[in-house]
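User: I have a structure open and would like to work through it. Please take my questions in turn.

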Protein chains: 2
Amino acid sequence: MLNFSASEENYLKTIYHLQTKDDNVTTNELAEKLHTRPASITDMMKKLKSRKLVNYQPYRGFRLTPEGKKIALSIIRRHRLWEYFLAEKLKFNWDEVHAVAEHLEHISNKKLIDKLDEYLAFPKFDPHGDPIPDTNGRIETGKQINLSDLSINKLAKVCFIANQSESLLEHLNEKKITIGATIMVKKKYNYDDSLEIKLDSKLLTISDQLAKNIFVKY
Amino acid sequence: MLNFSASEENYLKTIYHLQTKDDNVTTNELAEKLHTRPASITDMMKKLKSRKLVNYQPYRGFRLTPEGKKIALSIIRRHRLWEYFLAEKLKFNWDEVHAVAEHLEHISNKKLIDKLDEYLAFPKFDPHGDPIPDTNGRIETGKQINLSDLSINKLAKVCFIANQSESLLEHLNEKKITIGATIMVKKKYNYDDSLEIKLDSKLLTISDQLAKNIFVKY
DNA sequence: CTATTTTTTTAGGTTTGTCTAAATTTATTT
DNA sequence: AAATAAATTTAGACAAACCTAAAAAAATAG
């Protein structure tokens, strides 16, 4: 795989985050995200087009080609693995990891990243709950969200537990809430934000404090 | 502390490695090390001089100012800590770590490096036996060398054991060879490269195989 | 459907870090 | 000490990635 500048990588990564199924990304949109000027975006789009990483038609916006998407996913993989490392191993706070990972993500050494992945025991989600693409760029679809943000009657699966303190894990154990369990919010109580949830066909009530530590994917 | 480009950092680091007590570094010398042209060196020296990081007189070579040395040491600290991490945690071979650390060293986030240092339990030497500067840029003088390379009758101190296998550690224990022990080579036998050493006033003979795993500093 | 506003592109300039080729300074020979 | 050789610097150019200001295209409004 060829090598890309940090700048090119930031463009690719940001286009990936901005593009949706049907809409192209616009020049102004990307300029704002990258804290740069529209003219710079046009310059770079010409370059990325010539490298066949974006489909770009003047005045018509742009989106990643399959090749561009592959590269974007590898950058996102690096970013999220480093975030996980910083939080899990170096004990950074979850809100500090992003800024540091912005730099680490541009070191493109496949062996480094795959060994890091292995060392971290192949984590599936970063500290923000975003899924980590695997070596082949495969990524879990659907963002991981907090259980307290899950809409009523939507089927979801427990995929991550934040702040893994002794007491929290013990509590989850008592309630039989485990990673991979199927879960559904049946009712939200406004008074104390507690939730009535259905867990493997059993109904139970959990506090907002507990819900805030449980992340799900649908 | 200000921020420097990867390029400036490479110049500073390389000057540090090239400069000796009495001799200035020359333009051609540095150009060769950096795989660049002499004209580029002159350009950069003007810039580093204006930032008060090197003392430079046209045609007379250059050396680091105290400030330049401080920065060089912080880059070397980052480099060696990452090397240690790669070898110790990610299980890279010792001959692979340098190339990867060349990239990692340019991420200048003090908190990152200090937390990494802590995570690694404040290692004193990198996988090549080179000393790692501490947060304040203090560095052990005298390079760590292999016991089998120590000249006869030179007083040295055991500072590192390579390949810490069960059987090796056990063997060292029997011979009472520990980190910090004072050691001196009294005789080298050409036949099998075994060594007669003086260890805390006791004389003993050790095999070349064992000596190769012991590193000392003088 | 023409006029105005917004978006995007073009044209030309800047900085960083590199280069080549020519000029200059220093070192070495004889 | 003059001639030659080697090292270094200067001058001018280039690519990357950004910028501003002006021009052009597309979208929106009356």
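Analyst: Helices α4(A) and α5(A) are oblique to each other. This is a predicted model.

User: At roughly what angle do the axes of α4 and α5 of chain A cross?

Analyst: Two packed helices are described by the angle between their axes and the distance between the axes. Here α4 covers residues 66-88 of chain A and α5 covers residues 97-104 of chain A. Their axes come within 9 Å, and the crossing angle is roughly 130 degrees.

User: Is the crossing of α4(A) past α5(A) left-handed or right-handed, and which residues of α5(A) make the contact?

Analyst: α4(A) passes α5(A) in a right-handed crossing. From α4(A), the contact uses H79(A), W82(A), E83(A), L86(A) and A87(A). The residues of this contact divide into 7 nonpolar, 2 polar and 1 charged. On the α5(A) side the contact is made by V97(A), H98(A), V100(A), A101(A) and L104(A).

User: Which element supplies the largest share of the side of chain B that touches chain A?

Analyst: The contact takes 13 residues from chain B and 13 residues from chain A. On the chain B side, α5 (97-104) and α6 (110-119) each supply at least two residues. That side divides into 8 nonpolar, 2 polar and 3 charged residues. The largest share is 4 residues, and it comes from α6(B).

User: Which helix gives the most to the surface near DNA strand C?

Analyst: DNA strand C is surrounded by 19 residues, and the closest are T26(A), N28(A), A39(A), S5(B) and A39(B). Helices α2 (27-33) and α3 (38-50) of chain A, and α1 (6-18) and α3 (38-50) of chain B, each supply at least two residues of this surface. The surface near DNA strand C divides into 7 nonpolar, 9 polar and 3 charged residues. The most, 4 residues, is given by α3(B).

User: Which strands stand at the edges of the open sheet in chain A?

Analyst: The open sheet has 6 strands with antiparallel pairing, in the order β3-β8-β4-β5-β6-β7 (chain A). A strand at the edge has a single partner strand, so one side of it is left without a neighbour in the sheet. The edge strands are β3 (145-146) and β7 (202-206) of chain A.

User: Which residue of β5(A) stands opposite A156(A)?

Analyst: Strands of a sheet pair through backbone hydrogen bonds, either parallel or antiparallel. Strand β4 (residues 156-161) and strand β5 (residues 182-188) of chain A pair in the antiparallel sense over 2 bridges. In β5(A), the residue opposite A156(A) is I183(A).

Note on methods: Residues numbered from 1 in each chain as written. Chains lettered and ligands numbered in written order. Predicted model: local features only at pLDDT ≥ 70, side-chain atom pairs only at ≥ 80, totals over all residues. Axes fitted to C-alpha atoms, helices over the stretch in contact; angles between N-to-C directions. Parallel < 35°, antiparallel > 145°, perpendicular 65-115°, else oblique. Left-handed = near helix turned anticlockwise from the far one by under 90°. Contact = placed C-beta atoms within 7 Å. Nonpolar A, V, L, I, M, F, W, Y, C, P; charged D, E, K, R; others polar. Near = placed C-beta within 6 Å. Pairing = 2+ DSSP bridges.
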